[in-house]
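Subject: Handover of a structure, with findings

Dear colleague,

Please find below the structure that I am handing over to you. I would be grateful if you could read it alongside the notes that come after it.

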Amino acid sequence: MNQSDFKVFSETFTAAWSFHKAIQPYQVSMAFELLKQFPLNMVVEAIKAHCVDPVRGQFGPKPADVVAQIEKWMPQRISADEAWTMLPRDESDTVVWTNEMAEAHAISHKEKDANARRMAFRSAYERIVDQNKARNILPRWIISEGWDSDKKVIAIQKALQLVRIKESEVDTR
């Protein structure tokens with residue numbers, strides 16, 4: 001969102017709170033600041049979804065509620081153990097992984113012992129994910145191509161099937 005979206009955001013957020021109690025302008029401004037990394041239409045839809053949620057909708061939407069709703073629609077983070085199984089084993093492997101997985105892999109791949117490497121990856125990945133969640137930074141799925149074209153096709157098809165990437169993100173050379 002940008003400043004020109006504030007009016008629509010403010011009206012929507014204030015209306016959602018009106019089911020419960022009045023909200024102060026400074027609270028609307030703070031919520032806008034905390035949510036401005038997301039597109040306006042996504043934030044508005046998340047606020048609406050919050051209002052009709054049988055459990056959470058009984059209370060006014062806080063920015064964390066809006067982010068939780070948005071995260072339901074976004075490609076989800078995977079656990080550290082699942083992420084570990086997706087790492088490239090050698091330069092022939094093509095992987096579709098998150099920026100968080102890539103960062104944790106860069107930290108852990110220097111370990112010589114496989115068990116130490118896995119433990120280092122797990123710790124780094126969980127720390128990176130926690131930091132990004134605290135900053136409302138969503139993961140980005142990216143393709144890291146290996147040299148084996150058969151493995152590339154399989155990895156990309158699986159990622160498309162799981163809706164981790166879009167067709168437009170695939171290089172067809």
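The model is predicted, so local features need pLDDT of at least 70 and side-chain atom pairs count only at pLDDT 80 or more, while totals for chains, interfaces and linings use all residues. Residues are numbered from 1 along each chain as its sequence is written, and side-chain values use heavy atoms, with hydrogens and water left out.

Helix α4 spans residues 63-73, and its buried residues are D65, V66, V67, Q69 and I70. Helices here are DSSP runs of H or I with at least four residues, strands are runs of E with at least two, and both are numbered from the N terminus. Buried means under 20% relative accessible area, exposed over 50%, and partly exposed in between, with a 1.4 Å probe and protein chains only. The cover over these buried residues includes α2 (25-35) and α3 (40-52).

D65 counts as buried because its relative accessible area is 11%. Its side chain makes a polar contact with the side chain of R56 at 3.1 Å. A polar contact is a pair of N or O atoms within 3.5 Å; within protein, one must be able to donate a hydrogen and the other to accept it, and residues adjacent in sequence count only if both atoms are side-chain atoms. Leaving aside neighbours within four places in sequence, D65 is in contact (heavy atoms within 4.5 Å) with H50, R56 and G60. Q69 is likewise buried, at 11% relative accessibility; not counting residues up to four places away in sequence, Q69 touches A46, A49 and H50.

Between α2 and α4, the residues A31, L34 and L35 of α2 meet P63, V66 and V67 of α4.

The largest nonpolar core has 21 residues, of which I78, M101, F121, Y125, W141 and I165 touch the most other members. Such a core is a set of buried Ala, Val, Leu, Ile, Met, Phe, Trp, Tyr and Cys residues joined through side-chain atoms within 4.5 Å. The largest share of this core, 5 residues, comes from α7. A second, separate core of 20 residues includes A16, W17, A46 and V67.

Yours sincerely
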